[in-house]
Amino acid sequence: MPSPPAATPRPLPLQVSPPPFPLCDLCRTPQPPPVDATSATPPASSPGARRQPTLPLHGKRRAFLMRINNGRMKMRNKQRKSSALNFDAGCRSSLSFIVWSLVGVALIVCFFSVVRQADTRQNHIYFRHLSATRELEEIEEEHFRLPPPHKVNPRAVKRRGPRKAPKVIDQYLDESSAVHALFFPDERSAVNPTKGGNDSMYFYPGRVWLDTDGHAIQAHGGGILYDHITAKYYWYGENKDGLTYQTHPKSTYRVDIIGVSCYSSKNLWSWTNEGIVLPGEPTNVTHDLHKSKVLERPKVIYNDHTGQYVMWVHIDDANYTKASVGVAVSNSPTGPFTYLYSFRPHGFESRDMTIFKDDDGSAYLFYSSRDNTELHVSPLTKDYLNITVAMRRILIRRHREAPAVFKLQGTYYMITSGCSGWAPNRALAHAAESIMGPWETLGNPCVGGNRFFRLTTFLSQSTFVLPLPGLPGTFIFMADRWNPSNLRDSRYVWLPLFIGGLADEPLDYSFGFPAWSRVSIYWHRKWRLPESWKGYT
Ligand code: GAL
């Protein structure tokens, strides 16, 4: 019997254990897994860097390829991601750029429209009244031929040697000179409201100005109050109708205190004498108002809370060393005023001064201080009888005096003079957004006449600026043409003042751009208020 074929050994079931590493695609040898590019391996150079395991060539290649692939994938992802991000960011940034640009454009448009509106408003006001005031804003030139100086005796020249020709201003101040006579015409050319005729309502700067009694008006260094109760204007000023003298050869010319005069008017041209509303003190030498002292620049405002008329004045002794302010009150615009006291505001010297009542009823004192090197401004108390603790120094080291403050559409303006005693000098206009400053200087406001006139404020010194109701932007500039050797014969220079156009000096706070309107005082040999002007009514 054949033996059964030997059974072929059954192959043992192959124990296939998963290779420790996946096989290489090319050589089918197990390969360690690729290094995950995301498991950030610190660079070998960095401290604590783990050495990258050395891979067999294939492994290396694979890892390299995978890294490239990974990199590509990542790049692709990154690109996708970053492009998505870029798209978002781009969108967002370009959106925000557009939004901000729009906001910027809107702001610029807003700014220009506000500026234009303000301009238009001002232009509107300016043009509305232009027709009424046009002729007052015409530049009028003045060509005066100055008389030759005194002839000098040739013998005196031999004895004393040749002398310098006197300056025009010295001749002007010398009452015996022909130059003086030119600017102080005598009574024959006086403005006389009782006469009327062709000259009715005309202001003639520098001429004698008579009141309704036919006497020369005595209201120097003064100011005007419009009283709504009596519907009249009141002009207060120094009565200097006395003898001019010097206390010693080097002192300034003076007149004894007579008191504060008051005149009333409805039309600003024809003035009725209301008498001396604050008289000097004839006997008591210790009194502030004793005739031997100094009382200058009276200004009156009405207090709506107390119903009182409050007067502030410059009080001094004959040598101007007291340098104080004085306060007086009355229940009537025509007085009598009761003198209360004098003091140095905040302990500082106070010489030329003024007071200003703002639209909201608050009032302020302006005074030249520290040897007239600067001005100070201080709010008054509610009753106007004192100053509050607040004070600001303004126009420091500018040496200004004779302040006259006014306001137009929220901006404050001021005209000042230089400090040269009774001799005239160049005026300056100033402006401020806040009455407490800072105050900026706009330049010389004088227009027309001639150079000599413009450099001497038409031979006068500021004292007050009166707004003309119904003619916004139009004011009357009030000034004194002092006659030092005969102070009672000092004259008044009233001229139209306008706010409009661009200021002509580069300004401190505006980076060289003119930010303020120009203040212009126009010279006129004769002028009148627009016929259409009816005062407050
Ligand atoms: C001026 C001043 C006048 C008066 C005069 C006296 O500077 O403005 O008000 O005081 O000096 O010399």
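A charge sits over a ring if NZ of Lys or CZ of Arg is within 6 Å of the ring centre and within 35 degrees of the ring normal. This is a predicted model, where local features need pLDDT of at least 70, side-chain atom pairs count only at pLDDT 80 or more, and totals for chains, interfaces and linings use all residues. Residues are numbered from 1 along each chain as its sequence is written, and side-chain values use heavy atoms, with hydrogens and water left out.

**Exercise 1. Find which rings have the charged ends of Arg-207 and Arg-528 over them.**

Start with Arg-207: its charged end sits over the ring of Tyr-204, 3.8 Å from the centre. Then take Arg-528, whose charged end lies over the Tyr-202 ring, 5.3 Å from the centre.

**Exercise 2. Work out which residues touch the most other members of the largest nonpolar core.**

A nonpolar core is a set of buried Ala, Val, Leu, Ile, Met, Phe, Trp, Tyr and Cys residues joined through side-chain atoms within 4.5 Å. Buried means under 20% relative accessible area, exposed over 50%, and partly exposed in between (1.4 Å probe, protein chains only).

Step one: this core has 60 residues, and Trp-235 and Trp-494 touch the most other members. Step three: skip neighbours within four places in sequence, and the contacts of Trp-494 include Phe-203, Trp-209, Trp-235, Leu-268 and Trp-527. Contact here means heavy atoms within 4.5 Å. Last, there's a second, separate core of 19 residues, with Leu-225, Tyr-236, Leu-289 and Tyr-339 among them.

**Exercise 3. Classify the ring pair Trp-209 and Trp-235.**

Rings of Phe, Tyr and Trp (its six-membered ring) pair if their centres lie within 6.5 Å; planes under 30 degrees apart count as stacked, over 60 as edge-to-face and the rest as tilted. The structure holds 29 such aromatic pairs. For this one, the centres are 5.4 Å apart and the planes are at 55 degrees, so Trp-209 and Trp-235 make a tilted pair. Now place them: Trp-209 is in the loop between helix 4 (178–183) and strand 1 (220–227), Trp-235 is in strand 2 (residues 232–239), and the two are 26 residues apart. Both Trp-209 and Trp-235 are buried. Zoom out, and ring pairs link Phe-203, Trp-209, Trp-235, Tyr-263, Trp-271, Tyr-492, Trp-494 and Trp-527 into a cluster.

**Exercise 4. Say whether Ser-369 is buried or exposed, and what its side chain reaches.**

Ser-369 belongs to strand 10 (residues 363–369). Its relative accessibility is 0%, so Ser-369 counts as buried. The side chain reaches the backbone oxygen of Glu-349 at 2.5 Å, a polar contact (a pair of N or O atoms within 3.5 Å; within protein, one must be able to donate a hydrogen and the other to accept it, and residues adjacent in sequence count only if both atoms are side-chain atoms). Not counting residues up to four places away in sequence, Ser-369 touches Phe-348, Glu-349, Glu-374 and His-376.

**Exercise 5. Compare the backbone at His-346 and Leu-459.**

Neither is a glycine, yet phi is positive: about 55 degrees for His-346 and about 60 degrees for Leu-459. His-346 is in the loop between strand 8 and strand 9 (353–357), and Leu-459 in the loop between helix 5 (451–454) and strand 18 (461–467). With a relative accessible area of 32%, His-346 is partly exposed; Leu-459, at 1%, counts as buried.

Terms used: Helices (H or I, at least four residues) and strands (E, at least two) are DSSP runs, numbered from the N terminus.
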